[in-house]
Amino acid sequence: MYFIVVFKAFSITMLGSVMTAPQGELEPIPILRQEQEVNFDGTYKYSYETGNGISAEEQGFLKNAGQEEQEAQVAQGQYKYTAPDGQEILVTYIADENGFQPQGAHLPTPPPIPEAIQRSLEYNAANPQQEDAKEQQQ
């Protein structure tokens, strides 16, 4: 697990360095701060900050340890960088048995459900079709 954490931190740092460097020029970006902790029980946390404004932090643990069918690695954290257009991008996330779930002001969101459709969904939930009830009795 230590290797994964270090590799992940290195990969994100290098990606940020390449993304912000002008094409054809690769200037070394200093790491201003880096902390990491990997524990024997499977919990971990890391954080770092680079000279070009990239920062990240994550912590994780094994959920339902020892229960093979229900075990899930859980990681939650955030990362921040400045986009080429100057916008500060902040992503917070959780990754668990339900997948990677990012949140950020720059991420697209689905449009709201129209009121008529919402009412229809609520009606259908409150009044299941009678055919379903008859099929269940047979």
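Q: Quick one to start: is Ile-113 buried, partly exposed or exposed?
A: Ile-113 counts as partly exposed, at 48% relative accessibility. Here buried means under 20% relative accessible area, exposed means over 50%, and partly exposed is in between, with a 1.4 Å probe and protein chains only.

Q: And where does Ile-113 sit?
A: Ile-113 is in the loop between β6 and α2. Those labels come from DSSP runs numbered from the N terminus: helices are H or I with at least four residues, strands are E with at least two.

Q: Before we go on, what kind of model is this, and what went into the numbers?
A: This is a predicted model, where local features need pLDDT of at least 70, side-chain atom pairs count only at pLDDT 80 or more, and totals for chains, interfaces and linings use all residues. Residues are numbered from 1 along each chain as its sequence is written, and side-chain values use heavy atoms, with hydrogens and water left out.

Q: Good. Which nonpolar patch does Ile-113 belong to?
A: Ile-113 forms a nonpolar surface patch with Ile-117 and Leu-121, and together they have about 280 Å² of accessible area. Patches take residues with over 30% relative accessible area and no salt bridge, joining like charges within 9 Å and nonpolar side chains (Val, Leu, Ile, Met, Phe, Trp, Tyr) within 5 Å. The areas come from the Shrake-Rupley method with a 1.4 Å probe, and for residues only the protein chains shown count as cover.

Q: You mentioned salt bridges. How many are there?
A: The count is three salt bridges, taking a side-chain nitrogen of Lys or Arg within 4 Å of a carboxyl oxygen of Asp or Glu.

Q: Why would such side chains pair at all?
A: Side chains of opposite charge can pair when their charged atoms come close.

Q: OK, who does Arg-33 pair with?
A: Arg-33 pairs with Glu-49, and their closest N and O atoms are 3.9 Å apart.

Q: What about Lys-63, which partner does it have?
A: Lys-63 meets Glu-97 in a salt bridge, at 2.9 Å from N to O. Lys-63 is in strand β3 (residues 55-63) and Glu-97 is in the loop between β5 (88-96) and β6 (99-103), so the pair links parts 34 residues apart in sequence. Lys-63 is partly exposed, with a relative accessible area of 30%, and Glu-97 is partly exposed too, with 45%.

Q: And Glu-115, what does it bridge to?
A: Glu-115 forms a salt bridge with Arg-119, with the closest N and O atoms 3.0 Å apart. Both residues lie in helix α2 (residues 115-126), four residues apart, which is about one turn of the helix. Glu-115 is exposed at 58% relative accessible area, whereas Arg-119 is partly exposed at 48%.

Q: Switching to the sheet: what is the strand order?
A: The open sheet has six strands in the order β1-β2-β3-β4-β5-β6, with antiparallel pairing. The edge strands are β1 and β6, each pairing on one side only. From one strand to the next, the twist averages 10°, using axes that are lines fitted to C-alpha atoms (for helices over the stretch in contact) and angles from 0 to 180 degrees between N-to-C directions.

Q: How many bridges join β3 and β4?
A: Nine bridges, in the antiparallel sense, join β3 and strand β4 (residues 72-82). Two strands pair if DSSP finds at least two bridges between them.

Q: Which residue in β4 is the partner of Ser-55?
A: Lys-80 is the bridge partner of Ser-55. Ser-55 is in strand β3 and counts as buried at 18% relative accessibility. Leaving aside neighbours within four places in sequence, Ser-55 is in contact (heavy atoms within 4.5 Å) with Tyr-48, Glu-49, Gln-78, Tyr-79 and Lys-80.

Q: And Ile-54, buried or exposed?
A: Ile-54 is buried, at 7% relative accessibility, and is in the loop between β2 and β3.

Q: Last one: what is the overall make-up of the chain?
A: The protein chain has three helices and six strands, running α-β-β-β-β-β-β-α-α from the N terminus. Buried residues make up 19% of its 138 residues.
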